[in-house]
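Biologist: I am new to this structure and would like to learn how to read its features one at a time. Could we begin with the surface, please?

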Amino acid sequence: MSLRERESAVRLILERGPVQVPPDLCAAAMRRGGRMLRRRTVARRLLWLAMTAAVVAFLVWALTTRPWVEPPSTTTPPVVDW
């Protein structure tokens, strides 16, 4: 498309009258925006709940298995009856 064709296309668009906007456009946008905000809030709360559950599960696992304690040696038997 050449420069003159683009200019003429822009002039045609600008010479047209303003576009008619539906009368309930603002109300529909407000409803949609409210729905989006509620979904984001629910998603954020579910994410925090899942993260909290993961931390609690990790703490329970760590306290029951105690992975920081060295396991007993199994290579030599315990000394008894000296």
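Modeller: Let us start with one side chain, since Leu59 has 47% relative accessibility and therefore counts as partly exposed; buried means under 20% relative accessible area, exposed over 50%, and partly exposed in between, with a 1.4 Å probe and protein chains only. Leu59 lies in helix H2, where helices (H or I, at least four residues) are DSSP runs numbered from the N terminus. Please keep in mind that this is a predicted model, in which local features need pLDDT of at least 70 and side-chain atom pairs count only at pLDDT 80 or more, while totals for chains, interfaces and linings use all residues. Residues are numbered from 1 along each chain as its sequence is written, and side-chain values use heavy atoms, with hydrogens and water left out.

Biologist: Which residues make the nonpolar surface patch with Leu59?

Modeller: A patch is made of residues with over 30% relative accessible area and no salt bridge, nonpolar side chains being joined within 5 Å and like charges within 9 Å; a salt bridge is a side-chain nitrogen of Lys or Arg within 4 Å of a carboxyl oxygen of Asp or Glu. Here Val55, Phe58, Leu59 and Trp61 make a nonpolar patch of about 420 Å², and Trp61 is partly exposed at a relative accessible area of 43%.

Biologist: How many aromatic pairs are there?

Modeller: Rings of Phe, Tyr and Trp (its six-membered ring) pair if their centres lie within 6.5 Å, and planes under 30 degrees apart count as stacked, over 60 as edge-to-face and the rest as tilted. By this rule there is one aromatic pair. The ring centres of Phe58 and Trp61 are 5.8 Å apart and their planes meet at 35°, so this pair is tilted. Both residues lie in helix H2, three residues apart, which is about one turn of the helix.

Biologist: Where is Arg31 found, and which residues gather with Arg31 in a patch of positive charge?

Modeller: Arg31 is found in helix H2, which covers residues 25-65, and Arg31 is exposed, with a relative accessible area of 51%. Arg31, Arg32, Arg35, Arg38 and Arg39 gather in a surface patch of positive charge.

Biologist: What is the phi of Arg66?

Modeller: Most residues other than glycine have a negative phi. Arg66, however, has a phi near 45°, a positive value in a residue other than glycine. Arg66 is placed in the segment after H2 and is partly exposed, at a relative accessible area of 45%.

Methods:
Areas by Shrake-Rupley, 256 points an atom, 1.4 Å probe, with all protein chains shown as cover. Lys, Arg positive; Asp, Glu negative; His and termini not counted. Charge placed at Lys NZ, Arg CZ, Asp CG, Glu CD. Helix = DSSP H or I, 4+ residues; strand = E, 2+ residues; numbered from the N terminus.
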